[in-house]
Number of protein chains: 2
Amino acid sequence: MAYDVIVDPGALEALPDLLAREARRPRFAVISDSNVAELYAGELVRGLAGQGLPAEIFTFPAGEAHKNREWWGRLTDGLVEGGFGRDAGVVALGGGVVGDLAGFVAATYMRGIPVVQVPTTLVAMIDSSVGGKTGVDHPQGKNLVGAFHPPELVVADPRVIRTLPRAERSQGMAEAVKHGAILDEGYVTELEEMAPALLAGSEEAVGTAVRRSVEIKGDVVSRDEREGGLRQILNFGHTVGHALEGVSDYSIPHGAAVSMGMVVEARLGEELGITQEGTARRLGRVLEGFGLPVTVPAGLSSSRILPFLRSDKKVRDGRLGMVLLERLGVVARGREWVHRIDGQRLEGLLNRAMGRNGPNPDLV
Amino acid sequence: MAYDVIVDPGALEALPDLLAREARRPRFAVISDSNVAELYAGELVRGLAGQGLPAEIFTFPAGEAHKNREWWGRLTDGLVEGGFGRDAGVVALGGGVVGDLAGFVAATYMRGIPVVQVPTTLVAMIDSSVGGKTGVDHPQGKNLVGAFHPPELVVADPRVIRTLPRAERSQGMAEAVKHGAILDEGYVTELEEMAPALLAGSEEAVGTAVRRSVEIKGDVVSRDEREGGLRQILNFGHTVGHALEGVSDYSIPHGAAVSMGMVVEARLGEELGITQEGTARRLGRVLEGFGLPVTVPAGLSSSRILPFLRSDKKVRDGRLGMVLLERLGVVARGREWVHRIDGQRLEGLLNRAMGRNGPNPDLV
């Protein structure tokens, strides 16, 4: 990638120094949500002032519900009214929602000003702060409005993870397991071994996982900045995962949905004879080690899930595109990075992959 | 540039063929304003249907007043409600306002879908459709919100220019003269000779000017996509020009403002000993040949213009950045592409450049 990712316990304290040295701008707009701003924004602004760098804090109410065009507009107004020029920089301080919204403000302010992503949740460190996706939700769908706007710098402090609820750490690990599943079996094994330490929020274990995940994702993204080809493999587990989120009206958290999605997609690959037998079972065991669900709740039948799959962004000519594994750590590549699955076959396949045709011993 | 610019009399009629061949998409959203849609959009959609390509028209009320976030939101909603996917394409059919607004919709729809720019005014053909700038206005300033989103293809039909009012053609030529002024003295001479034909809307003359301007601008833009360096030379005449627009509350049209701006900036360069003597006079003669104003109206004093200059986006540490010519066709390059002019000196210089210290025989 064209930008640095600094993963360092204590990086948040050192952030004013880092910004002054690595991403210096005459003025900073620190964008954060109501929760995170209270914890870290004041200190950051004082630290920047100590470096002679003026900064102002702009906040929005925490929660995905505020990742919308209205708040994008209000934050933009704040920057305009504050007289921020093209030479200003944005610091996105918070979780995935902050990164997406603040990133989109930066992407569209005077046709784009630099943004430094400072993820403060595990899933943001592991995944969303790297790759340049920014955007807001639309009443009719998540992330329908947005832009690719790679950050100038990413600064992750594994130390802050310890202060978060265990459930957040658990959710955050789904994407890390995915990174291993698509490109590095050894990383999957390593995550399995580190699971207790990761769940406890050990800064060493978190640092190791964030570094390796960023390395894997960064490598994929740098080879395909805009999702035309290779980058699609990052969608492993997400085709079914997004459908599960949709059908549950987003009551299933993203990490849990991706966890179940990966197991179902691995099982589906096995049904198709593309994925090595036993891959779904192994993947399920690792995910369960992080307290993540691997079996789709009985209430979510394939007949409810299918319409969401059929409206997936990757549908072409009625055929669903799905990333399938060859085996753990290796994506199966056909003519494209996604496999085209005929709409007609999908229901039967999905039922079998979800273990809905009698007991399925593979799904733990 | 990474995209083609087709300049051809009759190109508008051939547009469905061109799109089917050069920018084929399973579905098109034709975005246009209320005036242009009435003239050309129906035929385009019928033509696309004839190629088996479904297209829908989305319009907004004509005029810069509607180039705002509200209409960007409404047009985006239209695409979402119409079920347009990531594989759809936008056709921006109209003048500069349409290109900016439709381009920004495309730039931010699902993190960016391709746009084909089909400029239907002379200034859009000569200048704004090439370069990838898109965006909307903010109550506090023009183009404060936007993105760089290069088009997939630009299609210009010089034949439509004949149907426009002579004043629109006159305004459109200011940017063409600028292209010659910064990079090609021969083109300035050619424009001077073609002036009557251009003002009459001759499709040959218009085609020649559009082709040459696109070539010059495209070359600059391809070497500096995001305005960090060389691209700044396209701002020649625009520092003073923008200030004149602002101080007149945008009652001075852009072309007229740039015309006066170029003459004042050339004169200012002469005052500084940077620009060859006589350049402003020559430039003024060419611009007058297109019916463009070259003298700042007496009501606009330097004391009214200065505050606008001082809030220019290119001000750094209180010093204004201005592109200056060495001579016609050659930009004077110092340490940067812009020359830094001290705030203290500006008023005196501006007064002399505007010919406000007694008669100034150089300014015609």
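About 2800 Å² is buried between chain A and chain B in this predicted model. Carbon and sulfur atoms give 53% of that area. In chain A, Arg86(A), Arg111(A) and Leu144(A) lose the most area to chain B. Together these three account for 26% of what the chain A side buries. The model also holds three cavities of 30 Å³ or more.

**Interface between chains A and B**

- The contact involves 30 residues of chain A and 30 residues of chain B.
- Two salt bridges are counted between chain A and chain B.
- Asp77(A) pairs with Arg69(B) in a salt bridge, and their closest N and O atoms are 2.7 Å apart.
- Four elements of chain A each supply at least two residues of the side that touches chain B: helix H3 (69–81), helix H4 (96–108), strand S6 (133–138) and strand S7 (141–148).
- H3(A) gives the most to that side, with seven residues.
- By class, the side of chain A that touches chain B has ten nonpolar, nine polar and eleven charged residues.

**Largest cavity**

- The largest cavity has a volume of about 140 Å³.
- Its lining comprises 15 residues.
- Closest to the centre of this cavity are Ala147(A), Phe148(A), Arg226(A), Ala147(B) and Phe148(B).
- S7 of chain A supplies at least two lining residues, and so do helix H4 (96–108) and strand S7 (141–148) of chain B.
- The lining of the largest cavity divides into six nonpolar, five polar and four charged residues.

**Second largest cavity**

- The second largest cavity has a volume of about 100 Å³.
- It is lined by 16 residues.
- Gly99(B), Asp100(B), Gln117(B), Ser128(B) and Ser129(B) lie nearest the centre of the second largest cavity.
- Chain B elements giving two or more residues to this lining are strand S4 (89–94), H4, strand S5 (115–119), helix H5 (122–128) and strand S6 (133–138).
- By class, the lining of the second largest cavity has four nonpolar, ten polar and two charged residues.

**Salt bridges across the model**

- The count over all chains is 43 salt bridges.
- One of them joins Arg74(A) to Glu70(A), with the closest N and O atoms 2.4 Å apart.
- Both Arg74(A) and Glu70(A) lie in helix H3 of chain A.
- Arg74(A) and Glu70(A) are four residues apart, about one turn of the helix.
- H3(A) also gives the most residues to the side of chain A that touches chain B.

Technical notes. Residues numbered from 1 in each chain as written. Chains lettered and ligands numbered in written order. Predicted model: local features only at pLDDT ≥ 70, side-chain atom pairs only at ≥ 80, totals over all residues. Heavy atoms only, no water. Contact = heavy atoms within 4.5 Å. Buried area = accessible area lost by both parts, 1.4 Å probe. Salt bridge = Lys/Arg side-chain N within 4 Å of Asp/Glu carboxyl O. Nonpolar A, V, L, I, M, F, W, Y, C, P; charged D, E, K, R; others polar. 1 Å grid on protein atoms, 1.4 Å probe; cavity = no way out; pocket = protein on both sides within 12 Å on 5 of 7 lines; lining within 4 Å. Points joined across faces, edges and corners; volume = space filled by probe spheres on them.
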